[in-house]
Every structure is written in C-alpha cells, then in structure tokens.
Amino acid sequence: MARKDKAQDSENPGRLKQIGLTYKMTRRADRWIGWVLAGVGLGTFGVVLGIGFLIGHPIYLGVLGLLVALLTTAIVFGRRAERAAFSQMEGQPGAAAAVLENMRRGVVFTPAVAINRQQDVVHRAVGKYGVVLVAEGNPNRLKSLIAAEKRRMNRVVSDVPVHDVVVGTAEGQVPLKKLRSTILKFPKVLPGPRVTEVNDRLRAMGDLMSNMPIPKGPMPKGMKLPKGNAQRRGR
C-alpha cells in the first residue's frame, strides 16, 4: 500500500506540471483563456445551483453543479489548448505528421514517403477510405512529388481510391486544424482486413523511412537529406 501511495504521489506532480505547461502554452496564443475558463466554470455552476434553489435542492444541485462545472471547464480548456497548439504548429515542417500520428484508430500512418531537398514532404495514411497522401510545403513543387508517389503506388494498389491533401492556408489547401476532420469525411470503401492488406503491399514497396531516420513531429529546419534519396524522391 505504501508503494502505491508513493507512486500516486509521484504521478500527481507530473500531471499538474503538465497541465500548467499546457496552460502556459495556450495562453501564449490565447490570452483570454483564463477569463474564458473562469466564466465557463462559474457560469455553469451558477446555472445548476440556481436550478437547485428553484426545485428546493440547492445542496444536491450545488455538488452536482461543481462537478459539471469542472467537466465543462476541462472540455473547453482541451479544445482551446488544441486550437492554440495548431496555431503554433501551422506552417512548420512536419506539423501534418504530428497530427496524422495521433489518428490511431483505424488509420495506418507512414511519414515522409516522399521528400525533396527543399523539405517539401508527402506523408501517407491508409484507412477505410483508401489511401490519403498528405503533403506540406511549396504547392508547385508538391504537385510533382504527389504525382510521382501516385504512379509508384499504382503499381501495387491500382484498385484502391487515392486522395491527396495539401496542408496550408491558401485557397484549395486544408488548414492544419481541419486536417483530421477532412480525412475522416472521405467515404469509407475498404473493410478492416483490406486496410491491412493495402498497407502491407505499400510497405513492401519500400519508402524513405526504411533508408533514413525521420524524427517524430516537426522536422528540424537544418536537417539534410542523403543525395541519392533526395534525387529519387524529388523526381
């Protein structure tokens, strides 16, 4: 029992510290976050407590209101923190990879299947909607990268739908914060076992990840690519 208590005590400071760091990060992009959370919490508690006075159960509804207020505040904080994170990641190389990597459920993600010397990069996600190529970088250069990757995939999965998405804020591009929802809106055409089969066939082709290590999340701006891989992927 003593060991369990010590383990719990050691975990709690870590969680509180993480919440604090998340709040600070969010506040840099959303300076009103403190007032918003306070307003949501107090407003929710006040409404539930007021209902308690109306029906004659202020203590019961007061406790319930406190729990509801905490839950509502946590939800609002989570959404605004996510929005702030996206705003700070927007435009950074590899930001799309960080979003795709968190799409665990029903999605098989392979980062940097195509990349050139200018660090324009194409990632691949395989799911029930088929194959989605997610590109980030210069739109003009990305056209050739996407086209080359589609030709390469067509050799082994010509019967599977292939979608392409360019991440960015310009017309025709998908903002980073809407990337996940955009992918999930594609029609589902493949059963689960077929998803695994398609991904295995694509992985069997080989990709950039089998030849060089790519760090998770945004890629360092100074990272250089091996000459052979850059030429092969940039064609």
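Does Asp-164 count as buried, partly exposed or exposed, and what is its relative accessibility? At 37% relative accessibility, Asp-164 counts as partly exposed; the term buried applies under 20% relative accessible area, exposed over 50%, and partly exposed in between, with a 1.4 Å probe and protein chains only. The model is predicted, so local features need pLDDT of at least 70 and side-chain atom pairs count only at pLDDT 80 or more, while totals for chains, interfaces and linings use all residues. Residues are numbered from 1 along each chain as its sequence is written, and side-chain values use heavy atoms, with hydrogens and water left out.

The overall arrangement comes next. The protein chain contains 8 helices and 4 strands; helices (H or I, at least four residues) and strands (E, at least two) are DSSP runs, numbered from the N terminus. Along the sequence, these elements follow the pattern α-α-α-α-β-β-β-α-β-α-α-α. Of the 235 residues in the chain, 39% count as buried. A contact is defined as heavy atoms within 4.5 Å. Among contacts between residues at least 6 apart in sequence, 64% join residues at least 24 apart.

The interior may be followed through its nonpolar cores. A nonpolar core is a set of buried Ala, Val, Leu, Ile, Met, Phe, Trp, Tyr and Cys residues joined through side-chain atoms within 4.5 Å. The largest such core has 19 residues, of which Leu-100, Tyr-129, Val-132, Val-134, Leu-179 and Ile-183 touch the most other members. At least two residues of this core are supplied by each of α4 (95-101), β3 (130-136), β4 and α6 (179-184). Helix α4 gives the largest share, 5 residues. Leaving aside neighbours within four places in sequence, Ile-183 is in contact with Leu-100, Met-103, Tyr-129, Val-132 and Val-134. Apart from this core lies another, of 18 residues, with Val-131, Val-160, Leu-190 and Val-198 among them.

Charged side chains form a further set of links. A salt bridge is a side-chain nitrogen of Lys or Arg within 4 Å of a carboxyl oxygen of Asp or Glu, and by this rule the model has 6 salt bridges. In one of them, Lys-150 pairs with Asp-164, and the closest N and O atoms are 2.6 Å apart. This pair links distant parts of the chain, for Lys-150 belongs to helix α5 (residues 139-154) and Asp-164 to strand β4 (residues 162-167), 14 residues apart. Lys-150, with a relative accessible area of 30%, is partly exposed, and Asp-164 is likewise partly exposed, at 37%.

Helix α7 (residues 192-205) holds both Glu-197 and Arg-194, which are 3 residues apart, about one turn of the helix. Their salt bridge brings the closest N and O atoms to 3.1 Å. Glu-197 is partly exposed at 38% relative accessibility, whereas Arg-194 is buried because its relative accessible area is 16%. Leaving aside neighbours within four places in sequence, Arg-194 is in contact with Asp-159, Val-160 and Arg-201. Glu-197 also meets Arg-201 in a salt bridge of 3.3 Å, N to O. These two residues are 4 residues apart in helix α7, so about one helical turn separates them. Arg-201 counts as partly exposed, at 29% relative accessibility. Through salt bridges that share partners, Asp-159, Arg-194, Glu-197 and Arg-201 are joined into one network.

A pocket is found on a 1 Å grid over the protein atoms alone, as an open set of points where a 1.4 Å probe fits, with protein on both sides within 12 Å along at least five of seven lines; its lining residues have an atom within 4 Å of a point. The second largest pocket has a volume of about 270 Å³, a volume being the space filled by probe spheres set on the points, which are joined across faces, edges and corners. Its lining has 12 residues, of which Arg-105, Gly-106, Val-107, Leu-184 and Lys-188 lie nearest the centre.

Two backbone angles complete the account. Most residues other than glycine have a negative phi. Ala-112, although not a glycine, has a positive phi of about 50°. Ala-112 is placed in strand β1 (residues 108-115) and is buried, at 0% relative accessibility. Gln-119 also has a positive phi, near 65°. Gln-119 lies in the loop between β1 and β2 (121-127) and is buried, with a relative accessible area of 13%.
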